[in-house]
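Biologist: I'm new to this one. Can you walk me through it?

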Amino acid sequence: MTIVIRIATAADAEDASALIHMSFLELAAKDWEPQAVQIFLDESSPASMRERLKAATYAAGAYLQERLVGFILMPTPTLLGMLFVHPQSLRRGIGRALWEAARAHIGSNFPQAITVELNSTPYAVVFYQSLGFFPISSAFQRSGTRATRMACWLPARSLGAE
Ligand SMILES: CC(C)(COP(=O)(O)OP(=O)(O)OC[C@H]1O[C@@H](n2cnc3c(N)ncnc32)[C@H](O)[C@@H]1OP(=O)(O)O)[C@@H](O)C(=O)NCCC(=O)NCCS
């Protein structure tokens with residue numbers, strides 16, 4: 001089945017919020033303290049997502065037969081803020097396709113952006129490594145969250161060093 005990637009706007013806030021909550025709660029939340037989980041759910045509510053989408057450098061959804069199954073958001077050209085895939089649609093290349101779409105957008109529109117960083121959940125570290133991100137910190141805990149800071153140096157690909 002074909003995955004279609006479309007730019008996301010504030011009109012997609014409700015669907016994006018529902019997908020993020022489902023993916024986060026099922027796959028990633030168990031590594032976080034309950035109060036940190038609640039803060040994240042609040043910060044990705046439909047109202048919060050509307051504001052994030054209005055301000056985003058890049059945001060897109062992945063659709064399978066018109067159903068939202070993946071979502072990516074970059075608040076700035078050098079920060080990947082959110083990447084979530086529906087728990088029933090894992091390991092079909094959706095996460096990778098969303099990152100490649102974002103990367104192409106950054107490459108075309110923000111050539112001054114050389115390195116993209118993110119905070120990876122423990123669950124997603126191996127996934128991000130497969131995309132060319134490397135840890136730039138050890139795993140850390142902050143306000144009940146657990147993460148590893150990672151970075152992708154974009155020129156590595158053309159140098160055969162990804
Ligand atoms: C992490 C996540 C986005 C990956 O999405 P996905 O669509 O399943 O990933 P892809 O199918 O594009 O995977 C690409 C490659 O990453 C690696 N990978 C992906 N998920 C993996 C896993 N759970 N374990 C090990 N490797 C994994 C594999 O090398 C995979 O290629 P392969 O399937 O050919 O072996 C998804 O699991 C998710 O939404 N997780 C919960 C939310 C989360 O933690 N997001 C990150 C927030 S920082």
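Modeller: We'll start with the ligand, then turn to a few single residues.

Modeller: This is a predicted model: local features need pLDDT of at least 70, side-chain atom pairs count only at pLDDT 80 or more, and totals for chains, interfaces and linings use all residues. Residues are numbered from 1 along each chain as its sequence is written, and side-chain values use heavy atoms, with hydrogens and water left out.

Biologist: How many residues surround the ligand?

Modeller: The count is 22, taking residues with a heavy atom within 4 Å of the ligand. Val85, Gly93, Gly95, Arg96 and Thr121 are the closest.

Biologist: Which helices and strands each supply at least two residues of that shell?

Modeller: Helices H1 (13-28), H4 (94-109) and H5 (125-131) do, along with strands E4 (82-85) and E5 (115-120).

Biologist: Which one gives the largest share?

Modeller: H5, with four residues.

Biologist: How much of the ligand does the protein bury?

Modeller: The protein buries 79% of the 910 Å² that the ligand exposes when taken alone. Those areas come from the Shrake-Rupley method with a 1.4 Å probe.

Biologist: Back to Val85. Is that residue buried or exposed?

Modeller: Buried, because its relative accessibility is 13%; the cut-offs are under 20% for buried, over 50% for exposed and partly exposed in between, with a 1.4 Å probe and protein chains only. Val85 belongs to strand E4.

Biologist: How far is Val85 from Thr57?

Modeller: They are 20 Å apart in space, C-alpha to C-alpha, and 28 residues apart in sequence.

Biologist: New topic. What is the phi of Glu66?

Modeller: Positive, about 70 degrees, although Glu66 is not a glycine. Glu66 is in the loop between strands E2 (58-64) and E3 (67-74). Glu66 is exposed, at 61% relative accessible area.

Biologist: And Arg91, what is its phi?

Modeller: Arg91 is also no glycine, and its phi is positive at about 60 degrees. Its place is the loop between E4 and H4.

Biologist: Is Arg91 buried or exposed?

Modeller: Exposed, with a relative accessible area of 87%.
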